[in-house]
Amino acid sequence: MDIKEKVDIIAKQADIIYKKIFIFSAIAGGSWIYGIKTNGYLGFIVWIVFVLAVIGLVINLTRQGTLYIELEEIKNGKS
């Protein structure tokens, strides 16, 4: 596989991860605001959704960082 193909694959993976980050941040933002206003059983469920969205954000940001490192290695000629 040549360098251009690797870069294209990494770019497509980064685009997918970017879309996931956007969705998880919208879920986290909405559940955060709704969780502040709501008490009781529903509030607990909303906080669980918020925590899961934050975990999804952290995982995808870590993956995004890994792809960035791969691009830096290709740029510096280490591939």
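Is Trp32 buried, partly exposed or exposed, and what is its relative accessible area? Trp32 is partly exposed, with a relative accessible area of 38%, where buried means under 20% relative accessible area, exposed over 50% and partly exposed in between (1.4 Å probe, protein chains only).

The views below come from a predicted model, in which local features need pLDDT of at least 70, side-chain atom pairs count only at pLDDT 80 or more, and totals for chains, interfaces and linings use all residues. Residues are numbered from 1 along each chain as its sequence is written, and side-chain values use heavy atoms, with hydrogens and water left out.

**View A. Trp32 and Trp47 form an edge-to-face aromatic pair.** Rings of Phe, Tyr and Trp (its six-membered ring) pair if their centres lie within 6.5 Å, with planes under 30 degrees apart counted as stacked, over 60 as edge-to-face and the rest as tilted; the count by this rule is three aromatic pairs. Because Trp32 lies in helix H1 (residues 3–37) and Trp47 in helix H2 (residues 40–75), the pair ties together parts that are 15 residues apart in sequence; helices (H or I, at least four residues) are DSSP runs, numbered from the N terminus. Trp47 is partly exposed, at 32% relative accessibility.

**View B. Trp32 and Phe50 form a tilted pair.** The ring centres of Trp32 and Phe50 are 5.2 Å apart and their planes stand at 45 degrees, so the pair is classed as tilted. This pair links distant parts of the chain, with Trp32 in helix H1 and Phe50 in helix H2, 18 residues apart. Phe50 counts as buried, at 18% relative accessibility, and ring pairs join Trp32, Trp47 and Phe50 into a cluster.

**View C. The buried residues of helix H1 pack against H2.** Helix H1 has 35 residues and reaches 51 Å from its first C-alpha to its last, close to the 51 Å expected at 1.5 Å a residue, the expected span being 1.5 Å times one less than the number of residues. Among the buried residues of H1 are Ile10, Ala14, Ile17 and Ile21.

**View D. Asn60 is a buried residue of helix H2.** The relative accessible area of Asn60 is 3%. A polar atom of the Asn60 side chain lies 2.8 Å from the backbone oxygen of Gly56. Not counting residues up to four places away in sequence, Asn60 touches Ile17, Lys20, Ile21 and Phe24, contact meaning heavy atoms within 4.5 Å.

Methods: Helix = DSSP H or I, 4+ residues; strand = E, 2+ residues; numbered from the N terminus. Polar contact = N/O pair within 3.5 Å; in protein donor to acceptor, adjacent residues only side chain to side chain.
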